[in-house]
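My notes follow in the order in which I checked things.

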Amino acid sequence: MIKVMFADDEELVRSGLRAMVAPASDIEVAGEAADGRTAVEAVRRFHPDVALLDIRMRTPDDGIRALRAIQTLPNPPVVAMLTTFDIDEYVSLALRFGANGFLLKDIEPAMLVRAIRDLARGGAVLDPGVAARMVNAHRDGQRASAPARELIASLSEREREVVTLIGQGLSNAEIGSRLHLSEATVKGYVSAVLSKIGAANRVQAALLAYRGGLVD
């Protein structure tokens, strides 16, 4: 029996996922979560084989942070990201942080069941439409590496440290602890960095850290 856990901030989506896997006799829904924090708790409690996480729950990077936290647990499940947003930067970031796949929420029930089975066997899954975008994202990333380095060069040493830690998936509180700064001070640095690099959110800042060589 494959134990799967769903994390999405919309009850309608979670109920839809339950309905799609219900006919599969070899799949059991072992837990659910409505945000990243409870997703991590559900993994600790139910020990699923597969976890499907919405990448954008309470905040744009909530799923990414949950993914990072789950990967640090003993014997973590295989994780795939499930979303309506087929945005290249989210796909790349999720895969860089250890996700074994990326599926769109409009996936057909049979494809979802097949993906869960493939993930449980240790495989990786990627929606065909997302796969094509990944190729383009990689090419764009290669071309963008020089501009990314220029943006990073415009930051102060402390701001570069903050971007690096954002790229490693750390929260403001964790960054503050690492740099011996208050959380409020870190929040100020993050806001300044996002403004300087023209990023709309922390996910874009993390992607810049990768493209600019701050994070391997």
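I began with helix α7 (residues 157-167) and helix α9 (residues 183-197), which pack at an angle of about 90 degrees with their axes 10 Å apart. Axes here are lines fitted to C-alpha atoms, for helices over the stretch in contact, and angles run from 0 to 180 degrees between N-to-C directions. Angles of 65 to 115 degrees count as roughly perpendicular, under 35 as roughly parallel, over 145 as roughly antiparallel and the rest as oblique, and α7 and α9 are therefore roughly perpendicular to each other. Looking up the contact (heavy atoms within 4.5 Å), I found R158, E159, V162, V163 and I166 of α7 meeting Y189, V190, A192, V193 and K196 of α9. By class, this contact of α7 with α9 has seven nonpolar, no polar and three charged residues; Ala, Val, Leu, Ile, Met, Phe, Trp, Tyr, Cys and Pro count as nonpolar, Asp, Glu, Lys and Arg as charged, and the others, Gly among them, as polar.

I noted the basis of these entries: the model is predicted, local features need pLDDT of at least 70, side-chain atom pairs count only at pLDDT 80 or more, and totals for chains, interfaces and linings use all residues. Residues are numbered from 1 along each chain as its sequence is written, and side-chain values use heavy atoms, with hydrogens and water left out.

Next I looked at helix α1 (residues 11-21) and helix α5 (residues 109-120), whose axes come within 9 Å and cross at roughly 80 degrees. That makes α1 roughly perpendicular to α5. L17, M20 and V21 of α1 and P109, L112, V113 and I116 of α5 make the contact, and these residues divide into seven nonpolar, no polar and no charged.

Which order do the strands take in the sheet? I read β2-β1-β3-β4-β5-β6, six strands in an open sheet with parallel pairing, where two strands pair if DSSP finds at least two bridges between them. β2 (27-33) and β6 (125-126) stand at the edges with a single partner strand each, so one side of each is left without a neighbour in the sheet. Strand β1 (residues 2-7) and strand β3 (residues 50-54) run parallel and are joined by four bridges, and M5 stands opposite A51 in β3. I also saw that α1 packs on the sheet, touching β1, β2 and β4 (78-83).

Note on methods:
Helix = DSSP H or I, 4+ residues; strand = E, 2+ residues; numbered from the N terminus.
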